[in-house]
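Here are a few exercises to work through with the model open beside you. Try each one before reading the solution.

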Amino acid sequence: MQITVTINGQERTADVEPRLLLVHLIREVFGLTGTHVGCDTTHCGACTVLLDGLPVKSCTMFGVQADGRSVTTVEGLQTNGQLHPIQAAFKEEHGLQCGFCTSGMMLTGAALLEHNASPSDEEVRWAISGNICRCTGYMNIVKAIQAAGHSMAEEPAGAQA
Amino acid sequence: MLPARFEYHRPETLDEAIGLLKEHGDDAKVLAGGMSFIPLMKLRFAQPGHVVDVNRISELNGISESDGWLRVKAVTRHNEIHASDLINSRYPAMGAAAPQIADPIVRNLGTIAGSLAHGDPAGDWGSVMLALGGQVVARRSSGERVIPVEELFVSNFATTLEPDELITEVQVPNPEPRSGGAYLKLERKVGDFATVGVAVQLTLDDGHVKSAGIGLTAVGPTNIKAREAEARLAGSEPTDDVIAEAAGLAAQAAQPMSDLRGSADYKQHVVEVFVRRGVARALEIAKGA
């Protein structure tokens, strides 16, 4: 089936089998391997991407369902080589250890900050409760998301993606 | 994991979807949120020849009240229900259940009608609908019928829906004055299936319980309506003794199995505790309403 997906702002077309999962469309057809496959059972959130701005688990959606829609992966967070505030904050606050969950964590965090710029500890933990960090480095992940919120609030509107 | 091959259909209207279900019958399955269906396809427990994706049918989206009913269209997501002021203010059992389903990301896609049609005894909406007296509207090419949720579940993952029927709407009667509700869920961790869940809905009248609804999650082959417990509450003054008796009756109605989430005895005990807490919470809301 012929599909067109806007991925990280760029329109891409592909001819895929309907049974191809969105995560495999992203990784294997579009070659964007920043989105990870963790559990492959909708639990871990490593494969989280934004579909029209909302976090979804791309292992539990078919690629054809993204036809005509907009997908943001971790590769789409940066703008012209400038890290997105959430990426900068994960770096600054040591928000990752092995890094496997990180792309999902950052996308979920970025989506949270879109509607809540200064979330409490509890609000962050609630928002990322569908993303598992097997290194258990949650303390710094929470800090990083909050720090990103602060830096986004300080920057003039529209300065980030 | 790669599901078996299937033909993908993406109707944009309800009529088109109904037509596809008629054409392919047993060989077609409806894809809504996909949060249970796609995992089943990946495990090859489900291998439909045709998948009818109803996510782009705009008629199937929205929450409203009219003619005495709350109407939640089939493809309304759990998170949309969680965010609805109408539901949180008037249907507290639903408002309490929505944010306890799966995890926040799954709730962005999972739908209320998909959950009911899936017929999982560990599904949360089934119990809530049993407590609230909810019903679903099922449509097929020959017409439409209303199925009370009490008559929807047959056994594990088996419902009275016909293969060519599509749930278009979930309906809940408008609450009477002085009503309240609650949903309590025990899970080992976020995203796990319920160990036990209990939904309660109550209406008060002059210090007496006018009507009561109690639904149980994950303690039997289907969601269970705890009828004897409901009957114990209805017409009575909700004293601690009455509530305790009703909770005991609800625990007796539960038919849990021992598994990795707990022993049958433990789950029965949790039902009893949750009915007591759920009734207390529902009363608190009803008194303030």
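**Exercise 1.** Which residue stands opposite L51(A) in β5(A)?

*Solution.* A word on the ground rules: this is a predicted model, where local features need pLDDT of at least 70, side-chain atom pairs count only at pLDDT 80 or more, and totals for chains, interfaces and linings use all residues. Residues are numbered from 1 along each chain as its sequence is written, while chains are lettered from A and ligands numbered from 1 in the order in which they are written. Now find L51(A): its opposite number is V71(A). Next, zoom out to the strands (DSSP runs of E, at least two residues; helices are H or I, at least four; both numbered from the N terminus). β3 (residues 48–51) and β5 (residues 70–72) of chain A run antiparallel, joined by two bridges. Strands count as paired if DSSP finds at least two bridges between them.

**Exercise 2.** Work out the strand order in the sheet of chain A, then explain its edges.

*Solution.* Trace the five strands: β2-β1-β5-β3-β4, an open sheet with mixed pairing. β2 (10–15) and β4 (54–57) of chain A each have a single partner, so one side of each lacks a neighbour in the sheet.
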